[in-house]
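Colleague: I have a model open and would like to talk it through with you. Could you take me around it, please?

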Amino acid sequence: MNMPKTFNLLVLTPEKDIPYDDITEMIVNTPDGEIGILAEHMHIIAVVTESILKVNKGDVWHSIVIGQGFLYMTSDIVELYVDSAERAEDIDVLRAETALHRAEERLRGQLSHSEYLRTHAAVARATARINAVKNEQ
Ligand code: ATP
C-alpha cells in the first residue's frame with residue numbers, strides 16, 4: 001500500500017510554538033477562502049485569518065484555533081506565524097464565552113475604526129474558540 005507523503009508544520013506565536021510532525025494534510029483560512037495543503041505543495045506565502053486550522057496526522061483530524069498571521073511553505077515544512085494559537089483541547093470555553101460577550105457589548109457602543117477592527121477580531125477569535133471545542137465533542 002502506498003503511504004501518503006507527510007510534511008511538518010510549526011505554528012509559531014509570541015508566547016509558544018506548537019509543532020506537528022508527519023502530517024498528511026492541513027486546511028487553513030485565508031482572506032480568499034480555505035486552502036488545503038498536502039506534501040510537496042508549491043512554495044507559498046499567504047495571509048491567514050482568525051479561524052480553525054485543521055491538521056490531519058495519522059488519519060486523525062486535529063483543530064487548532066489561530067489568530068491572524070501568515071503562512072510560509074518551503075519544501076517539506078510549513079511555518080505559520082500567528083498572534084495566538086490554541087489546540088482545541090486546551091481551550092477554556094468559559095473564558096472564550098466571557099471574551100465574546102465582552103466584545104459584543106463593546107460593539108454596541110461608539111468605537112473608532114481601529115477599535116472596531118480590534119473588537120471585531122476579538123469576536124472572531126472567541127467564536128472560533130467556542131466552535132472548535134463544540135466540534136471536538
Ligand atoms: P481574553 O480576553 O480571554 O484574554 P483574547 O482573545 O483577548 O481573550 P488573545 O489575546 O487572543 O486573548 O490571547 C492571549 C493568550 O491567551 C494567548 O496565548 C491565547 O492562546 C490564550 N487564550 C486566549 N483565550 C483563550 C481561551 N479561551 N482558552 C485558552 N487559551 C486562551
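**Layout and ligand site**

Modeller: The protein divides into domain 1 (7-88) and domain 2 (91-136), with bounds that come from an automatic or database domain assignment. This is a predicted model, in which local features need pLDDT of at least 70 and side-chain atom pairs count only at pLDDT 80 or more, while totals for chains, interfaces and linings use all residues. Residues are numbered from 1 along each chain as its sequence is written.

Colleague: How far apart do the C-alpha centres of domain 1 and domain 2 lie?

Modeller: The C-alpha centres of the two domains are 22 Å apart. The contact between them takes 10 residues from domain 1 and 11 residues from domain 2, where two residues are in contact if their C-beta atoms, placed from the backbone, lie within 7 Å. On the side of domain 1 that touches domain 2, E6 and E7 each supply at least two residues; helices (H or I, at least four residues) and strands (E, at least two) are DSSP runs, numbered from the N terminus.

Colleague: And what classes of residue make up that side of domain 1?

Modeller: The residues on that side are three nonpolar, five polar and two charged. Here Ala, Val, Leu, Ile, Met, Phe, Trp, Tyr, Cys and Pro count as nonpolar, Asp, Glu, Lys and Arg as charged, and the others, Gly among them, as polar.

Colleague: Now the ligand: which residues come nearest?

Modeller: Of the 13 residues around the ligand, Ser84, Asp92, Arg95, Ala96 and Ala99 come nearest, a residue being near a molecule or strand if its C-beta atom, placed from the backbone, lies within 6 Å of it. The elements that give two or more residues to this shell are helix H1 (93-107) and helix H2 (113-136). By class, the shell has four nonpolar, two polar and seven charged residues.

Colleague: Where does the ligand lie relative to the two domains?

Modeller: Domain 1 and domain 2 both give residues to the shell around the ligand, so the ligand lies between them.

Colleague: OK, on to the sheet. What is the strand order?

Modeller: The order is E4-E3-E6-E7-E10 in an open sheet of five strands with antiparallel pairing, and two strands pair if DSSP finds at least two bridges between them. E4 and strand E10 (85-87) stand at the edges, each with a single partner strand, so one side of each is left without a neighbour in the sheet. The twist averages 25° from one strand to the next, with axes being lines fitted to C-alpha atoms, for helices over the stretch in contact, and angles running from 0 to 180 degrees between N-to-C directions.

Colleague: How many bridges join E6 to E7?

Modeller: Seven bridges join E6 to strand E7 (residues 60-66), and the two run antiparallel; Lys54 has Ser63 in E7 as its bridge partner. H2 lies across E6, E7 and E10 and runs at about 165° to E7.

Colleague: Last topic, the backbone. What is phi at Asp59, and is the residue buried or exposed?

Modeller: Phi of Asp59 is near 70°, a positive value in a residue other than glycine, and Asp59 sits in the loop between E6 and E7. Asp59 is exposed, with 8 other C-beta atoms within 10 Å (buried means 20 or more other C-beta atoms within 10 Å of its own, exposed 12 or fewer, and partly exposed in between, with C-beta atoms placed from the backbone). Glu40 also has a positive phi, of about 65°, although it is not a glycine.
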